[in-house]
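Me: I'd like to go through this model with you, one question at a time. Here it is.
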Amino acid sequence: MDFILKYWPKYRKLFVASVSCVAGEALCDLMQPQLLAKAVDEGVKKSDFNTVLRIGALMVLMTALGAVFACLRNVFSSKASQNFGADMRRDLFIKIQKLSVSDAEQYDGGSLVTRLTNDVTQLTNFINGIMRIFVKAPVVCIGGIILASRLNIRLLPIIAGVVFVSFLSIGLSMKLSYPVFAKVQTAIDRMNTTVREYLIGIRLVKAFGRFRHEEQRFEQANELLSRTTIKASRIMSMFSPVSNLAGNAGIVLVLFVGVSLVPKGEMEIGQIMAFVTYMTQILVSMTMISNMLNVFVRTKASYSRIAELMNMPDSEDYEAPAREGGAYNAESILELNGVWFEYPLATGDIALAGISFSIGRGQTLGVIGPTGSGKSSLAALLLKFYGISGGKIIFAGEDISNITPFELRKRVSIVPQAPMLFTGTIRENILAGNRDLSEEEMCECARIAMADEFVTASKDGYDTMLGQGGINLSGGQKQRLSIARALASKPELLILDDCTSALDALTEAKVLDRLRSGISHMSCILISQRISTVMRTDKILVLANGRQAGFGSHEELMTSCEEYRGIYDSQIGGSTEDGNAFKAGSEAVLNG
């Protein structure tokens, strides 16, 4: 509740103004039956036309005043609730960014979208309803009971019975519908996830002709949402007529008892009409309260889902102040001592075990190994996406556990396997790595990544608009732009996680050669399954089943590491001399 109460000071004045208008509107409504009774008993009954005209004019004035109050409370409540919704969506989005990678992975994308949109909308509508309706209904209900009792206390048991039956039905409805509405929100999650997965993989669906399968998946999610919503609506519809029946039965009893009291002189015709009007107002108020409480039940489910996210602990990934000190001038940029790692809630083997190596400043390290050997897991640890399970990682002479993720990621940059570009211009995507970069520096980053070739060839150059995810670029073009973006951040350590897989061998060799010559001040880790990519690095780390199979230069590993020789023979074949000839040949192609 704390994360909602923090908005109170900001919207307190609007809330008070809205509630004041609601109170004024309710008082105007409550005065109408009193004036009606007076008009009938003092005007119509006595054929006093002036009295009827005077009281009628007063009733019109009260109606107009009530309409003014209604308009004002709509303005105040809408402004407050919509701004509240906007603030909550912003804060929830920021909160999602503050989650650690492991915490964020507990939720799928569809669930997070639902919480940001549908759940926040539920809270927004509830806040709006409170300020517009929920405050008015109790005022009218309680005021109607009091004023009706003043007309004739003997009819009070009828009102009490109606109110009791209505509240009983409302309570049962809330108790039964809350768990169902929680399932409704979960069903919306599933629906959003299904649609999101289809839109992301639409090319794959078309390529494999999986239309029927996707239709079935959507139909299942759609049917679940429909079935769950119908169940919730059925529960509410069962109890709503009970309140209406009780209210209408109360009106019938009032008429029956009231008519019997008129001949005795214990009640006037105008009072009966006023009493019936109050009963109608009470009935409408009870219906409003019932509807709002049903909305509250659904809102409670949405609130619980939002609170679950808001109460998650903040990580240091989002933002942290710069620290003074740190052994930035250490000769070794990176050193691992007996590092091992196991994914949270993992059910299989450990991802990494006993990894130890070091690389100096300006050096390049190649990491190679078969699929599932732990290459990407190693990259994730170097960026503190996960905490290590054992051992020690030293970056620039400092234990990585003493460096905040925010600070570390300003000094270490990664180009992931799957390039991710944002909707916007090519310039905006490159400068996402560093918005303070000059035009010349940006162009140099694009040149090193060999992205300048296709960028300058396009009509708009760096102002070319990219579709969602860079859909109007090829896979290789996306990878080269991703490399340029990483270079723009000017990191001390650059990690290339198999990010040249979409490039042909010659283009890849040229990109890597430009990296070596253009960023000599920067250390680089090349993660790849191609031995041709890592052969020319200063050191090579060989991984197999999460364990370190070898570490050294190409020549050293060819004589000491069986796993490395196996990878080499499967991709290139031949002897060490053949490998040296391959290296010499590739260098000749680059130089030629």
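Me: Which helix is Leu172 found in?
Reply: Quick ground rules: this is a predicted model, where local features need pLDDT of at least 70, side-chain atom pairs count only at pLDDT 80 or more, and totals for chains, interfaces and linings use all residues. Residues are numbered from 1 along each chain as its sequence is written, and side-chain values use heavy atoms, with hydrogens and water left out. Helices are DSSP runs (H or I, at least four residues), numbered from the N terminus. Leu172 is found in helix α7.

Me: Is Leu172 buried, partly exposed or exposed?
Reply: Buried means under 20% relative accessible area, exposed over 50%, and partly exposed in between (1.4 Å probe, protein chains only). Leu172 comes out at 39%, so the label is partly exposed.

Me: How far apart are the closest N and O atoms in the salt bridge of Glu223 with Arg227?
Reply: A salt bridge puts a side-chain nitrogen of Lys or Arg within 4 Å of a carboxyl oxygen of Asp or Glu. Glu223 and Arg227 both sit in helix α9, four residues apart, about one turn of the helix. Their closest N and O atoms are 3.6 Å apart.

Me: And Arg361 with Glu492: how many residues apart in sequence are the parts this pair ties together?
Reply: Their side chains meet in a salt bridge, 3.5 Å from N to O. Arg361 is in the loop between β2 and β3, Glu492 in the loop between α16 and β9, so the parts tied together are 131 residues apart in sequence.

Definitions and conventions
Helix = DSSP H or I, 4+ residues; strand = E, 2+ residues; numbered from the N terminus.
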